Amino acid sequence: MSVETAAPAPVHPAGADNRIVVDGATLTWRDLPELTLPGPAAALAHSARYALAAARHHAVHGTELLLSTASRVDAAMRAELRDAGFAVTELDAPTAGDATAPAARAAEPGRLWLLTSGSTGRPKRVGHTLESLTTVRGQQPARTWLCPYAPGTYAWWQVVTLSLTQPGQHLVVVEPDQLDDWPALAAEHGVDAASGTPTFWRRALHRDPAGLARVPLRQLTLGGEPVDQTILDRLREVFPAARISWIYASSEVGAAIVVHDGRAGFPVDWLDRAAPGRPTIGVRDGELVITSPYHGAGLDGPVRTGDRAQVSGDRVLITGRLDADEINVGGSKVSAGVVRDVLTAHPQVAWARVTGRRAPLLGHMVVAEVVPTAGAKLDEATLVRWCADQLPEYAVPRRIRVLTEIPVKETLKSDV
């Protein structure tokens with residue numbers, strides 16, 4: 001005689017009852033759509049609601065999962081994922097969970113895959129677990145977080161794992177068509193904590209500074225791009241009582257540097273400081289090198305990040321990608337990040353991007369694009385004089401184009 005036993009009830013994550021505002025509705029994690037995902041699954045989300053549902057599904061069932069927006073995965077990447085054994089699955093009502101191809105290998109339970117931002121070429125897959133992505137572990141004050149990031153990115157998982165694992169950490173999700181008007185949404189739902197790239201914050205300051213000031217923010221976080229002193233100071237003017245943090249994080253090394261003191265860069269005495277359970281940060285030949293306990297699968301030990309770091313007084317500044325930051329002008333090396341910071345320090349510049357352009361004799365010349373602050377009437381000659389007062393002659397931009405809007409990618413970045 002055999003006795004059938006009921007399957008154990010699924011164990012919901014600790015934040016299952018946290019409030020989620022998404023797609024015009026107020027839900028909890030428990031209220032999200034129930035998905036049936038094959039493993040390993042490459043889940044391509046057409047909406048934030050279904051992306052969150054996939055994250056909860058993984059937290060409950062541990063199904064091997066790669067999550068991304070459908071727009072970030074082109075036909076070639078879909079083919080690569082199928083060749084790697086993933087069942088490519090479209091997440092969108094009414095066909096959520098329908099796989100376009102069956103999984104071609106056994107799943108690895110508990111594995112989460114991230115696609116890198118592709119700043120050095122095509123996106124790569126980096127393996128993680130929910131544990132390695134959950135870097136905020138101590139008890140936190142109750143917060144309502146804004147989540148503007150594209151689903152499946154490292155920054156998105158940082159906000160999502162916080163809400164999944166910590167009671168009292170609510171989410172207000174910004175859809176792509178709400179990016180220009182998110183301060184109104186945030187104020188309506190009492191958002192008091194928000195994470196975004198410097199481009200995300202610059203756009204808000206540029207488009208609707210009064211609306212931004214009405215959001216009751218107590219915690220502001222910046223990351224994903226170089227963070228300069230100007231953007232930190234401008235946010236401090238609007239939110240004098242808030243804690244403003246910048247975080248250096250990537251899919252490869254996780255959240256490795258966190259700074260709360262309101263200054264760009266991090267203290268130079270953090271370099272090569274080893275401490276149990278904490279990343280070790282170094283600079284080798286001008287490149288940031290990190291050994292992190294939050295690293296992706298197979299990336300233990302020192303990881304060369306590809307980001308330029310330079311010591312300036314008592315701080316270490318991260319100025320940009322190595323392959324894009326250095327401009328060779330007639331044999332003299334120019335940091336695009338340094339020139340960008342000079343431009344954004346102008347009181348009438350809301351945003352700037354600096355690059356090199358091929359030029360006869362010199363090899364390259366420095367060129368820039370800028371967006372003026374609201375109502376400002378900037379011209380190229382004014383900005384050239386501003387730069388000439390602070391930079392060596394060879395580093396002064398020879399062409400400066402004035403744009404009307406701050407450009408932004410799906411990753412909320414514009415200059416990397």
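**Note on the predicted model**

1. The side chain of Thr 89 has a polar atom 3.2 Å from the backbone oxygen of Ala 87. Thr 89 belongs to strand β5, which covers residues 87-91, where strands are DSSP runs of E of at least two residues, and helices runs of H or I of at least four, numbered from the N terminus. Thr 89 counts as buried because its relative accessibility is 0%, the cut-off for buried being under 20% relative accessible area with a 1.4 Å probe and protein chains only.

2. This is a predicted model, in which local features need pLDDT of at least 70 and side-chain atom pairs count only at pLDDT 80 or more, whereas totals for chains, interfaces and linings use all residues. Residues are numbered from 1 along each chain as its sequence is written, and side-chain values use heavy atoms, with hydrogens and water left out.

3. An open sheet of mixed pairing is formed by eight strands in the order β2-β1-β9-β8-β10-β11-β12-β13, two strands being paired if DSSP finds at least two bridges between them. Its edge strands, each pairing on one side only, are β2 (25-28) and β13 (254-259). Strand β1 (residues 19-22) pairs with β2 in the antiparallel sense over four bridges, and Val 22 has Ala 25 of β2 as its bridge partner.

4. As for confidence, pLDDT (the predictor's confidence in each residue, from 0 to 100) has a mean of 91 over the protein chain, with 94% of its residues at 70 or more. Over residues 1-7, however, pLDDT stays under 50. Where pLDDT is low, the predicted coordinates should not be read in detail.

Key
Contact means heavy atoms within 4.5 Å. Buried means under 20% relative accessible area, exposed over 50%, partly exposed in between (1.4 Å probe, protein chains only). A polar contact is a pair of N or O atoms within 3.5 Å; within protein, one must be able to donate a hydrogen and the other to accept it, and residues adjacent in sequence count only if both atoms are side-chain atoms.
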